[in-house]
Amino acid sequence: MTDPRAARREKLRQIEAMGIDPFGSRFDDRTLIADCRRQASEIKFKTNDGELLALPDFDAEVDYRQWKADHGPGEEIGPTVRVAGRIMLSRPTGKLIFLNIKDWTGSIQIFVGKKQVGDDDFSLAKLFDLGDLVGAEGRLGRTNTGELTVFAEKLFFHTKMLEPPPEKHAGLTNADLRQRMRYADLAFNDGPLETFLNRTRIIKSIRETLDSDGFCEVEGPTLHTVAGGAAARPFETHHNALDMPLTMRIALELHLKRLMVGGMERVYELGRVYRNEGLSPRHNPEFTMLEAYQAYGDYGSMMDLTERIICNAIESIGGGYEREYGGQTIDFTPPFKRATYAELFQQATGIDSGDEASVKAYALKLGLEIEGKHPDVIRNEIFEEKVEDTLTGPIFVIDYPASICPLTKRKQGNPDIAERFELFICGMELANAYTELNDPDLQQKLFETQLEGLDDEESMAKMDHDFIRALRHAMPPAGGLGVGIDRLVMILTGQKSIRDVILFPVLRPES
RNA sequence: GAGAGUGUAGCUCAGUCGGUAGAGCAUUCGACUUUUAAUCGAAUGGUCCUGGGUUCGAGUCCCAGCACUCUCACCA
């Protein structure tokens, strides 16, 4: 019998025959492997004269067997630990088996000697397969090579793995299988578990930053009758009892603003939004967004907040402000650079973004379609083409052309400029913030005035009468911020694909 | 939606000019009480993505389809 699955089931049967539950049970007083590593310094060598010696430094070239001969006779002593985890490697050498097990804090070697654990446990150990969840209780010590090891006195069986594991060295590399079987990716590949734990730390840190700034977290509706607040195609669904169409939200904005009208002066939501668009290494149809609104603030307040959120997030996962991404070094030491849209436009193209004729000529040179488009739309297409990719950042691009920002307050004394910034890192737009428009009549007008050159789908300006009515109840002047959390996690964890920071990205069904 | 690439054993991958399907790991058996990708000896394991076509003969060439990856488009 050499079918791996059948072999595993046969061993499961033999474990049961030994009176052991192959799917285990509660295991108390467990020592996490990271704690074992912390306790390594408690391992001492006790000479027969009763002298306690610290162990040699195993980072240096040292022959521990020789060291013991030189300092002996005596014996090693160390704390007793109780570990549990998944078997990643197994090296049987006759009446002795070395196992490497992994829990979610690290991995450690287990020494299983027939004499040391007894015949029954040794027979059990011979039924262990790679991927099984097992436990061991024993003394923490060092082998002759200095490897930190649990010298098992008792073994436990926790759960049988009935599927064959991936190749033990290369792991699971097929990108489709990694996403489809994320459990196997997390369990057997180096890296993914740490990346996703870092994602959790980053999100926790973001909440802490906002909470300590006095923001309150809320949960807006994910089912909308009008999907507004962003330019995107929504997913459409249907409510049976009410017999009416609903759409999944594409942004958090409009409901959070309603809450500011209601008196929630600092409010945020960290949640999933859904956009019915193509997939790419930077796009998943559902993704996580942070939106935060601060009454009596403006886009400048949001710039400070953005910096704090990102710097705290970096500190929560360690590694310092200088980070590598896509072969570039990004320095997150605050304050981040700031430059106006017009400056960057001028630098990249050599022309004045206010000079409409030159802008049009430049667009034609780039081969852009300009027919029937609003000058600001053309301007922005050039900006996206020539500027965005070059922004290694982190850099705040500030003061956007007003007409491409229908939810933004205009700069005082300059109605053509919107008080908006976008934060760019490695050519990716990571955050977007405004001094929020709170004039209901102007908002209504902007909703009604579709931008030239934009069809309904492309426009943010979808009429939402209830939102306008809310604004008429007085929304305080405010700053608002949106952050693409998945992209932030990508950059902070060094992942090149959004699918490596989303646990279960959208996939076609398995054939 | 467009273009390019990939699809072979449970996993990671070779496969030449079209001529009997290969390796490593895993699995099974044997040896081994300080190994660490343990080692050594032996064995087992295939719908070569699917369906057509060309050919005496197709993993290999052609056509169509499916899936994944990358680039572009939409978008954040």
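This is a predicted model: local features need pLDDT of at least 70, side-chain atom pairs count only at pLDDT 80 or more; totals for chains, interfaces and linings use all residues.
What covers the buried residues of H11? The cover includes H10 and H12.

Three residues of H11 are buried: Val 359, Tyr 362 and Ala 363. They sit on the same side of H11, because they cover an arc of only 100 degrees around the axis. An α-helix has 3.6 residues a turn, so residues three or four places apart point the same way. The other side of H11 holds Ala 357, Leu 364 and Lys 365, which are exposed. Just after the helix comes Gly 367, with a positive phi of about 80 degrees.

H12 runs over residues 375-386 and has twelve residues. From first C-alpha to last, H12 reaches 16 Å, close to the 16 Å expected at 1.5 Å a residue. Its buried residues are Pro 375, Asp 376, Val 377, Ile 378, Arg 379, Asn 380, Ile 382 and Phe 383. What do these buried residues of H12 pack against? Their partners are helix H10 (341-349), helix H11 (356-365) and strand E18 (395-401).

Strand E15 covers residues 322-325, and its side chains alternate. Arg 323 and Tyr 325 point to one face and are buried. E15 runs antiparallel to E16, and four bridges join the two. Within this pairing, Tyr 325 stands opposite Gln 328 of E16. The two strands form a hairpin with two residues between them. Gly 326 lies in that turn and has a positive phi of about 55 degrees.

A cis peptide bond joins Pro 334 and Pro 335, with omega about 0 degrees.

**A buried aspartate**

Asp 129 lies in the loop between helix H4 (114-125) and strand E7 (133-142). Is Asp 129 buried or exposed? Asp 129 counts as buried, because its relative accessible area is 12% and the cut-off for buried is under 20%. Its side chain makes a polar contact of 2.5 Å with the side chain of Lys 11. Leaving out residues up to four places away in sequence, Asp 129 touches Arg 8, Lys 11, Ile 87 and Lys 160.

Asp 29 is in the loop between helix H1 (4-17) and helix H2 (33-38). Its phi is near 55 degrees, a positive value in a residue other than glycine. Cys 426 is in the loop between strand E20 (414-425) and strand E21 (428-435). The phi of Cys 426 is likewise positive, near 55 degrees, and this residue is not glycine either. Their surroundings can be read from the accessibility values. Asp 29 is exposed, because its relative accessibility is 68% and exposed means over 50%. Cys 426 is buried, with a relative accessible area of 18%.

**Cysteines**

How many disulfides does the model have? The count is zero.

| Residue | Relative accessibility | Class |
|---|---|---|
| Cys 36 | 0% | buried |
| Cys 216 | 31% | partly exposed |
| Cys 426 | 18% | buried |

Cys 216 counts as partly exposed because its 31% falls between the cut-offs of 20% and 50%. Cys 36, at 0%, is buried.

Methods. Residues are numbered from 1 along each chain as its sequence is written. Chains are lettered from A and ligands numbered from 1 in the order in which they are written. Side-chain values use heavy atoms; hydrogens and water are left out. The expected span of a helix is 1.5 Å times one less than its number of residues. Buried means under 20% relative accessible area, exposed over 50%, partly exposed in between (1.4 Å probe, protein chains only). Contact means heavy atoms within 4.5 Å. A polar contact is a pair of N or O atoms within 3.5 Å; within protein, one must be able to donate a hydrogen and the other to accept it, and residues adjacent in sequence count only if both atoms are side-chain atoms. A disulfide is a pair of cysteine sulfur atoms within 2.5 Å. Two strands pair if DSSP finds at least two bridges between them. The arc is that of the directions from the helix axis to the C-beta atoms.
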